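Work through the following exercises with the sequence and the model at hand, and compare each step with the solution given.

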Amino acid sequence: MYERLGASFKVENWWPAESEFEIMIGAILTQQTTWENVEKVMTDLKANGLLDVDSLVRIDNDTLEEIVMPAGFYRQKASRIKGLAEYIKVHYDSNPLAIMNRPLEEARRELLSIRGIGEETADSMLLFAGHKPKFVAASYVSRILKRTGILDSEDYDEIQRYVESIVPPKPEIYAKFYALLIQLAKTHCKARPICGGCPLERECAFSVRKGE
Ligand code: SF4
């Protein structure tokens, strides 16, 4: 699957960012929205000099909410971003990399203890900002694994354990595999799948059943 998708999609520089903290903020913004909306917000945060911990702690809530608005759920997301910045300021002297430098499971537990950071967000931070071998078991991944007949589960931990048990634990491989699956979900394996021309069409259980 990795190789087949890799031959069909280009996903290099899939999460463009100038710093690890930018990726951490992006991981919060990207919850339940499109990347295009996240980009608008990131551009505005950058233009306002807000892509560092101390500036985010200082900024007032109303201004931050206004900037975050295009990404949706703006009150919640602004509050989560501020919460993360405040946590890093208090516990890590405003150095976001200090959490990522901790051993993987300790860093994960700590991220999950911060208000508003769930498993998918924490794992995106660990993989893309921390370069840790943690697979992000997003809902798109569950949809594809289920339709292809590989794994019938919607349980985040089960999907993550399964992928991590068969894919070599290298951050660059997990990151590329995740990006390839997202690309497949955007182009073919949408809510209503477009199986014609899908790189997995020949082996996919859903597509084979449909052709019977
Ligand atoms: S063949 Fe269809 S159902 Fe299977 S992965 Fe591709 S788009 Fe999804």
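The chain has 13 helices and 0 strands, where helices (H or I, at least four residues) and strands (E, at least two) are DSSP runs numbered from the N terminus. This is a predicted model, in which local features need pLDDT of at least 70 and side-chain atom pairs count only at pLDDT 80 or more, while totals for chains, interfaces and linings use all residues. Residues are numbered from 1 along each chain as its sequence is written.

**Exercise 1.** Describe how helix α2 packs with helix α9.

Solution. Step one: α2 (residues 20-29) and α9 (residues 119-129) pack at an angle of about 155°, with their axes 9 Å apart; axes are lines fitted to C-alpha atoms, for helices over the stretch in contact, and angles run from 0 to 180 degrees between N-to-C directions. Step two: α2 is therefore roughly antiparallel to α9, a term for angles over 145 degrees. Step three: the contact, which requires C-beta atoms, placed from the backbone, within 7 Å, involves E20, I23, M24, A27 and I28 of α2 together with T121, S124, M125, F128 and A129 of α9.

**Exercise 2.** Which residues lie closest to the ligand, and which helices supply its shell?

Solution. Step one: 14 residues surround the ligand, the closest being C189, C195, C198, C204 and S207; a residue is near if its C-beta atom, placed from the backbone, lies within 6 Å. Step two: α10 (139-148) and α13 (205-211) each supply at least two residues of this shell, and the largest share, 3 residues, comes from α10.

Note on methods. Angles under 35 degrees count as roughly parallel, over 145 as roughly antiparallel, 65 to 115 as roughly perpendicular and the rest as oblique. Two residues are in contact if their C-beta atoms, placed from the backbone, lie within 7 Å.
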